[in-house]
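Open the structure in your viewer and keep the selection tool ready. Each stop below names what to select and then says what is there.

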Amino acid sequence: MADKTCLMRLQKEYRALCKEPVPHVVARPSPKDILEWHYVLEGSEGTPFAGGCYYGKIKFPPDYPYSPPGITMITPNGRFMTQKKICLSMSDFHPETWNPMWSVSSILTGLLSFMVDNSPTTGSVNTTAAEKLRLAKASLAFNCKNPTFKKLFPEYVDKYNQQQSEQILSDQVSAKLSQDDKSKPTSEKADNSLGEDAKKDAQKDARRNRKQTFPTWLMLLLVSAFGVVMALPLLQL
């Protein structure tokens, strides 16, 4: 059971988070136990975690803020083991470095920063950027299978449902376009073939006409020259 000081501190921190949300971080206490908080970290742009939605828990000791909490991550992420405590200077792995001035927001901001770092620690794993990206894309769907996540973070469930609806619509449009493309080739090929044949016939006719047609101006010139030649003997008389 939480001490009075712990209870007041956690309630104060929750009010502060609601009033001034921290970028890329959402955290809420369990309705049944204020010592157990649930959080969501949103992957930072420009990192292999971009687009990811990482769900986890923070377990506070009854004498918080004088002792550090334990931190675990539930969503597969490629950086930390799931359901295993993460070793941080802000976690119960290092009570000697704990600062009572640190809050839920500073703890999760630090966790998010450490997530994009490659430094090994207890509870960390080593994976490729491609694997992290794959897990990031699958993270929201994974979380939405968790009843507690769905209850505490309905806005992310709505986001997932919207993505699903958009994906279904996109698939339907793609299928319709593909079906239309399959129905076109025969007629289009025939039209294209006829068009090519017509073009070739027109070119042949043009060449034939150029060969067969005798220029009018040249005919007049020849007639004039013939007339001059015939008139020369008469002029000499």
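**Overview**

Along the sequence they follow the pattern α-β-β-β-β-α-α-α-α-α-α. This is a predicted model, in which local features need pLDDT of at least 70 and side-chain atom pairs count only at pLDDT 80 or more, while totals for chains, interfaces and linings use all residues. Residues are numbered from 1 along each chain as its sequence is written, and side-chain values use heavy atoms, with hydrogens and water left out.

**Stop 1: a buried leucine**

Of the 237 residues, 30% count as buried (under 20% relative accessible area; exposed is over 50%, partly exposed in between, with a 1.4 Å probe and protein chains only). Select L111, in helix 2 (residues 104–115). L111 has a relative accessible area of 0%, so it counts as buried.

**Stop 2: salt bridges**

The whole structure has five salt bridges (a side-chain nitrogen of Lys or Arg within 4 Å of a carboxyl oxygen of Asp or Glu). Select R28 and E155, whose side chains meet in one at 2.9 Å, N to O. R28 lies in strand 1 (residues 25–29) and E155 in helix 5, so the pair ties together parts that are 127 residues apart in sequence. R28 is partly exposed, at 22%, and E155 is partly exposed too, at 33%.

Next select K59 and D33, whose closest N and O atoms are 3.0 Å apart in another salt bridge. K59 belongs to strand 3 (residues 53–59) and D33 to the loop between strand 1 and strand 2 (36–42), so this pair links parts 26 residues apart in sequence.

**Stop 3: the largest pocket**

Which residues lie nearest the centre of the largest pocket? Select G51, A136, L140, K159 and Q163, which are among its 19 lining residues. (On a 1 Å grid over the protein atoms alone, a pocket is an open set of points with protein on both sides within 12 Å along at least five of seven lines; lining residues have an atom within 4 Å of a point.) Helix 5 gives the largest share of the lining, seven residues.

**Last stop**

Finish on helix 5 (residues 154–183) by selecting L177.

Technical notes:
Helices (H or I, at least four residues) and strands (E, at least two) are DSSP runs, numbered from the N terminus. On a 1 Å grid over the protein atoms alone, a cavity is a set of points where a 1.4 Å probe fits but cannot get out, and a pocket is an open set with protein on both sides within 12 Å along at least five of seven lines; lining residues have an atom within 4 Å of a point.
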